[in-house]
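Please view the sequence and the model first.

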Amino acid sequence: MLAGGGVKICFQAGVLQVWLDEAGLTFDHCDGVSAACFNVAMWAQGMSGTRIADNWRNADPIMGVDIHWSQLAKLIYAESLFEFDAYRKKVFPSWGLDFDAIRRGGREATFNIYNFSKHELRPVTAQELTEDHLVATGSLPIWFPPVRIDGDTYIDSVFHGACNFEEAIRRGADELWIIWTTSQRGEWFDGFVGNFFGIFEAVTVHDYKSWLARIARNNERIARGEPGEFERTIVVRELKAEVPIHYLLNFSKDRVAECVNRGVEAARAWCDANGIARASGAAVPTEIRTAPTSLRFTQKLKGYVGFGASDPRSGFDAGRAAGTLVEATLNVHIDDVDRFITMPEHEATTAGFIVCERLGGKREIARGTFNLFADDGDPTHRRIVHHIEFEDGDGRALTLRAAADVHDEPGFDAWSDTTTLFTTIAAGDDALAAGILRLGMIDFLEQLTTLRTEGPSLADRAAAVARFGLMYLGKLWDVYARRVLTSGPI
């Protein structure tokens, strides 16, 4: 069950890579709604999960943008804001979609479209599918024009529900494997775009919860020996996530690739948690760029820690009173910019040194990692983390963890959030000190001058810096500008 969710369904492609290829799962039938039908089409054609995921990783969102110029003069009476011609001429061919192959493939699949002329939901089978049908699955009103087929008007069926449970159960399904990407955060946003997708969520999430409740009641009745609505037990296996990409307004290839890789990581964790055996997959599933580029910069942090303290705030006050200053010079090395940007952990390595008189003066970092704007499933709450291992003057192994908590609060707090790192120092499991390290404005400006990149050509190096900068700004948007658009479009 591939639920609709706009561009968020690129996450599904990562899940399919794991379910189909690494876990070797096979399915009797695949059902899709809205843009998820694009994934269903690739599956129905016989593509592997990795091929489906790679198609999304390498998809340039700009390639599919096609403004409906002829309608803009009509203003509020325009047929739509965009057209699907670019998908027909560029995107579908780049994915290798072959509608004859889909019809001949023999796989059972349904592509849901809404016949507005007759006000009927129509599940189109793989054996019936045409390009017009597939375009109609994604013809979201206002954004894309309806599709006329055999004299009837068809639109995206997502407002009828983001999954067609009824069709799957009618066809005999006793297990429903659902990949759900529509947000369930329950946040209402002002403005046309915010209102539109708020309505989208209200309809689809309510329908989804209603069906899950019906299935649960059915199963409970059967377990009691009573007749159930569906006459058999229906097992629901659900994998859902808050995917940090806008439903429609996204122009970042890197963000799409990252969301695919989030799907891979989520599916691996889900399989492991549910006892589903799988083959070991690659640490980085696929690179979307061919030119290897790296990037380096030096960051200087300083502040106070209180020895014996466990709370960073009180430890900072105690450390300042005692004069226990800690300075860190951190040489951050991103050895592969593509990997750093498209993997959800956004992890780099760190070298350099720590200076603290209580710890033996200047101490070289043995091992270090740096994670930029990572999250634990909530894209509105991110972390900047330095994890540093070193030895004190007595040869004792120590770990310093400095983490910035990046989340929106009243007032302008982006600078303080991203430059204030709550810090702990430990020897194994024993906490030694806690405090706060900060990146000052002068040190930040100096950090910019240390930025260095390596790559095959000047263009590759410039692209690496630009991609890093856009990623940084995009993650800040996710946290601080989401009232304008829930996810950064870049």
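## The second largest pocket

How many nonpolar, polar and charged residues does the lining of the second largest pocket have? By class, this lining has 15 nonpolar, 6 polar and no charged residues. The classes are defined as follows: Ala, Val, Leu, Ile, Met, Phe, Trp, Tyr, Cys and Pro count as nonpolar, Asp, Glu, Lys and Arg as charged, and the others, Gly among them, as polar.

The model is predicted, so local features need pLDDT of at least 70 and side-chain atom pairs count only at pLDDT 80 or more, while totals for chains, interfaces and linings use all residues. Residues are numbered from 1 along each chain as its sequence is written, and side-chain values use heavy atoms, with hydrogens and water left out.

About 410 Å³ of space lies in the second largest pocket. Its lining comprises 21 residues, and the closest to the centre are Phe444, Gln447, Leu448, Phe468 and Tyr472. At least two lining residues come from each of β8 (294–307), β11 (361–374), β12 (382–391), α13 (414–419), α14 (441–449) and α15 (458–480). Of these elements, α15 gives the most, with 5 residues. Helices (H or I, at least four residues) and strands (E, at least two) are DSSP runs, numbered from the N terminus.

## How spaces are defined

Rolling a probe the size of a water molecule over the atoms shows where empty space is left. On a 1 Å grid over the protein atoms alone, a cavity is a set of points where a 1.4 Å probe fits but cannot get out. A pocket is an open set with protein on both sides within 12 Å along at least five of seven lines, and lining residues have an atom within 4 Å of a point. Grid points are joined across faces, edges and corners, and a volume is the space filled by probe spheres set on the points.

## The largest pocket

The largest pocket holds about 490 Å³ of space. Of its 21 lining residues, Phe27, Asp28, His29, Glu175 and Trp177 are the closest to the centre. The elements that give two or more residues to this lining are α1 (10–22), β1 (30–33) and β6 (175–180). The most comes from β6, with 4 residues. By class, the lining of the largest pocket divides into 13 nonpolar, 3 polar and 5 charged residues.

## The cavity

A search of the whole structure finds 1 cavity of 30 Å³ or more. The volume of the largest cavity is about 510 Å³. It is lined by 31 residues, of which Val7, Tyr87, Phe144, Tyr247 and Leu248 are the closest to its centre. Two or more lining residues come from each of α5 (85–95) and α9 (191–223), and the largest share, 3 residues, comes from α5. The lining of the largest cavity has 22 nonpolar, 5 polar and 4 charged residues.

## Helix α1 and its partners

Helix α1, an element of the lining of the largest pocket, also packs against other helices. The axes of α1 and α10 (residues 253–273) come within 6 Å and cross at roughly 40°. Axes are lines fitted to C-alpha atoms, for helices over the stretch in contact, and angles run from 0 to 180 degrees between N-to-C directions. The two helices α1 and α10 are therefore oblique to each other; angles under 35 degrees count as roughly parallel, over 145 as roughly antiparallel, 65 to 115 as roughly perpendicular and the rest as oblique. The crossing of α1 and α10 is right-handed.

The axes of α1 and α2 lie 11 Å apart, at an angle of about 30°, and these helices are therefore roughly parallel. In their contact (heavy atoms within 4.5 Å), Gln12, Ala13, Leu16 and Leu20 of α1 meet Ala36, Asn39 and Trp43 of α2. By class, this contact has 5 nonpolar, 2 polar and no charged residues.

## Helices α2 and α3

The axes of α2 (residues 36–44) and α3 (residues 49–57) come within 10 Å and cross at roughly 135°. That angle makes α2 oblique to α3. On the α2 side, Asn39, Met42 and Trp43 meet Ile52, Asn55 and Trp56 of α3. The residues of this contact divide into 4 nonpolar, 2 polar and no charged. Both Asn39 and Trp43 of α2 also meet residues of α1.

Note on methods. A crossing is left-handed if the near helix is turned anticlockwise from the far one by less than a right angle, and right-handed if clockwise.
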